[in-house]
Amino acid sequence: MELKDLLKEIERNFTENDKRMGPLFLLSVLSEEVGELNRAIRYYENIEEEISDVIFITLSIANLYGINPENKIKEKYLKDPNKIKNKWKDIY
Ligand SMILES: [Mg+2]
């Protein structure tokens, strides 16, 4: 399944409700899920589930704004990977 298809499937099932809840609600859920991912990585358990939760909520927020982040991710991170590697060189 491509990203655009995943966005459409999430939109079909959730975006109407998400619009009623609003972006700040989804942002609070994202914050909670990032905390869960933090714990998952720290204790090396449920990492796949928590990464899925973070991606799902992030894509739900993208849908609220009609955004498909695929091209921006390609442009920003994959077009010139060395740019990112140099930016984070002190961490690598
Ligand atoms: Mg979770």
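Contact here means heavy atoms within 4.5 Å. With that settled, I looked up Asn-63 first. Leaving aside neighbours within four places in sequence, I found Asn-63 in contact with Leu-7, Ile-10, Glu-11 and Thr-15. Asn-63 sits in helix H3; helices are DSSP runs of H or I with at least four residues, strands are runs of E with at least two, and both are numbered from the N terminus. Buried or exposed, I wondered about Asn-63? At 11% relative accessibility Asn-63 counts as buried. The cut-offs are under 20% relative accessible area for buried, over 50% for exposed and partly exposed in between, with a 1.4 Å probe and protein chains only.

**Ground rules.** I am working on a predicted model, where local features need pLDDT of at least 70, side-chain atom pairs count only at pLDDT 80 or more, and totals for chains, interfaces and linings use all residues. Residues are numbered from 1 along each chain as its sequence is written, and side-chain values use heavy atoms, with hydrogens and water left out.

**Whole chain.** I counted 5 helices and 0 strands, so to speak a plain α-α-α-α-α pattern along the sequence. The C-alpha atoms fill a box of roughly 45 × 35 × 25 Å along the principal axes. Of the 92 residues, 24% are buried. I also checked contacts between residues at least 6 apart in sequence: 65% of them join residues at least 24 apart.

**H2 against H3.** How do I describe the packing of H2 and H3, and what is the angle? Helix H2 (residues 23-43) packs on helix H3 (residues 47-64) at about 160°, with the axes 9 Å apart. Axes are lines fitted to C-alpha atoms over the stretch in contact, and angles run from 0 to 180 degrees between N-to-C directions. H2 and H3 are therefore roughly antiparallel; the scheme is under 35 degrees for roughly parallel, over 145 for roughly antiparallel, 65 to 115 for roughly perpendicular and oblique for the rest.

I then listed who makes the contact: from H2, residues including Pro-23, Leu-26, Leu-30, Glu-33, Leu-37 and Ile-41, and from H3, residues including Ile-47, Glu-50, Val-54, Ile-57, Ser-60 and Leu-64. By class I noted 15 nonpolar, 2 polar and 4 charged residues in this contact. Nonpolar covers Ala, Val, Leu, Ile, Met, Phe, Trp, Tyr, Cys and Pro, charged covers Asp, Glu, Lys and Arg, and polar covers the others, Gly among them.

**The loop between H2 and H3.** Tyr-44 lies in this loop and has a positive phi of about 50° although it is not a glycine. Most residues other than glycine have a negative phi, hence my note. Tyr-44 is exposed, with a relative accessible area of 71%. Asn-46 is in the loop as well, with a positive phi near 60°. At 48% relative accessibility, Asn-46 counts as partly exposed.

**Aromatics.** I found 1 aromatic pair in the structure. The rings of Phe-14 and Phe-56 have centres 5.2 Å apart and planes at 80°, so I logged the pair as edge-to-face. Rings of Phe, Tyr and Trp (its six-membered ring) pair if their centres lie within 6.5 Å, and planes under 30 degrees apart are stacked, over 60 edge-to-face and the rest tilted. Phe-14 is in helix H1 (residues 3-21) and Phe-56 in helix H3, so the pair ties together parts 42 residues apart in sequence. Phe-14 is partly exposed at 38%, and Phe-56 is partly exposed at 28%.
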